[in-house]
Amino acid sequence: MTADPMLQLQGLRKSYGGKTALRGLDLTVNVNEIFALLGPTGAGKSSTLLASAGLVDLDAGRVRLAGRDVTDADPGSRDVAIVFEGFNLLPVLDVKDNIAFALRSPAFRETEDEIKLRVGRTAELLRISHLLDRDVDTLSGGERQRVAIARALVRRPVMFLLDEPLSALDLKLREGLRAELRQIHRQYSSTMLYATHDYHGAISIADRVGIIDGGVMQQAGTIDEIYRLPASVLVGKLIGSPSMAFFQATVEGGQVVVKGAEQRLPIEGFGTVTSSPGGVLLGVWPEDIEVGPAESVGASTGKIYAVDNRGFERAIQVETTGGSFRKVVPLSMPFMQGDACSFRIPEGAGFLFDAESGKRVSQAGEGGR
Ligand code: ADP
Ligand code: MG
């Protein structure tokens, strides 16, 4: 294990014509960790991976890989493997030749016997041994993606860059392949940078998560660290299932007054609060909000705007004067669309954000989990 991080991106800037994809992006991936890069479409995830692999010219910034500055190094000399969204397979070759392709490049100089052995082992790991002689255009989506991952894996690179490798697959296949990626990670102690727009996908595979939006890293840490202290409204909106609830609020005489709600929360519950020039947004994880039938849990009222039955639980959307939120409730709560409800935010739950900049202004709320 080296003391250096496996990958270190510093101040990456990249524009395509007039379109800015990366605006000073910083990112550190440690040796042997799975780091999920989580962000919406257009956030700059693919650009980040391409820059790490050396497949785009950067306008500014440095890329360090395994302790070496590779900013100006060829892609071929970086020893990273990239798996793209969609399946970048060569249609004219069968499965085994697709997997062996990189090993036959002059950079590797492997004997055919060795190649056969490595292809065989990798195929076993990804459970595609029975497909080795098939043409790739006869494979299902899930099979193709396994082959694409096998192509990357067989090289045993120092690092994997996985660009939404599973997003084209259905839920069951996705979960299965995710488990296999974790297994591969354990077996080979490999380092992975995994780009995804899927919150569940990110937290189920990653050691650490980085929230990216607008070409900037918004926050990076373990999912626990991010829950305990989300950096901004944007992070709250991209994290959680459902994501964070936000209420318009003001700070008056040591209390947080939520717009249109009867509840006032003592400011001490939010830890140190740096001044916020405009109004604030009170952000609360939905799991922390108590909701019940009208006049049951508190005096603040809302209206059930939508009910989404999910078999063993249901998700409700609650409209209130200060904001709306979604929350998962047990089936035993008989909410119907249009019902009035009451809600309460426990003291010490939640975070204050500047309404304008979206930055967190409370330093250590006790919300989160
Ligand atoms: P993500 O992978 O998170 O969806 P991308 O890195 O692909 O984000 O894109 C970031 C931004 O850069 C987007 O606004 C996208 O439209 C733009 N972009 C990416 N690649 C190109 C390209 N080759 N030409 C023009 N614009 C691009
Ligand atoms: Mg992308």
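Trainee: What share of the chain's contacts between residues at least 6 apart in sequence join residues at least 24 apart?

Mentor: A contact here means heavy atoms within 4.5 Å. Counting pairs at least 6 apart in sequence, the share that joins residues at least 24 apart is 66%.

Trainee: Before we go on, where do the numbers come from?

Mentor: It's a predicted model, where local features need pLDDT of at least 70, side-chain atom pairs count only at pLDDT 80 or more, and totals for chains, interfaces and linings use all residues. Residues are numbered from 1 along each chain as its sequence is written, chains are lettered from A and ligands numbered from 1 in the order written, and side-chain values use heavy atoms, leaving out hydrogens and water.

Trainee: Which element gives the most to the shell around ligand 1?

Mentor: Shell residues have a heavy atom within 4 Å of the ligand, and they include Y16, K19, G44 and S47. Helices (H or I, at least four residues) and strands (E, at least two) are DSSP runs, numbered from the N terminus. Both β2 (19–29) and α1 (45–53) supply at least two residues, but the top contributor, with 3 residues, is α1.

Trainee: How much of ligand 1 does the protein bury?

Mentor: Look at the polar contacts (N or O pairs within 3.5 Å): ligand 1 has an oxygen 2.8 Å from a side-chain N or O atom of K45, and a backbone N or O atom of S46 lies 2.8 Å from a ligand oxygen. Alone, ligand 1 exposes 560 Å², by Shrake-Rupley with a 1.4 Å probe. The protein buries 64% of that.

Conventions. A polar contact is a pair of N or O atoms within 3.5 Å; within protein, one must be able to donate a hydrogen and the other to accept it, and residues adjacent in sequence count only if both atoms are side-chain atoms.
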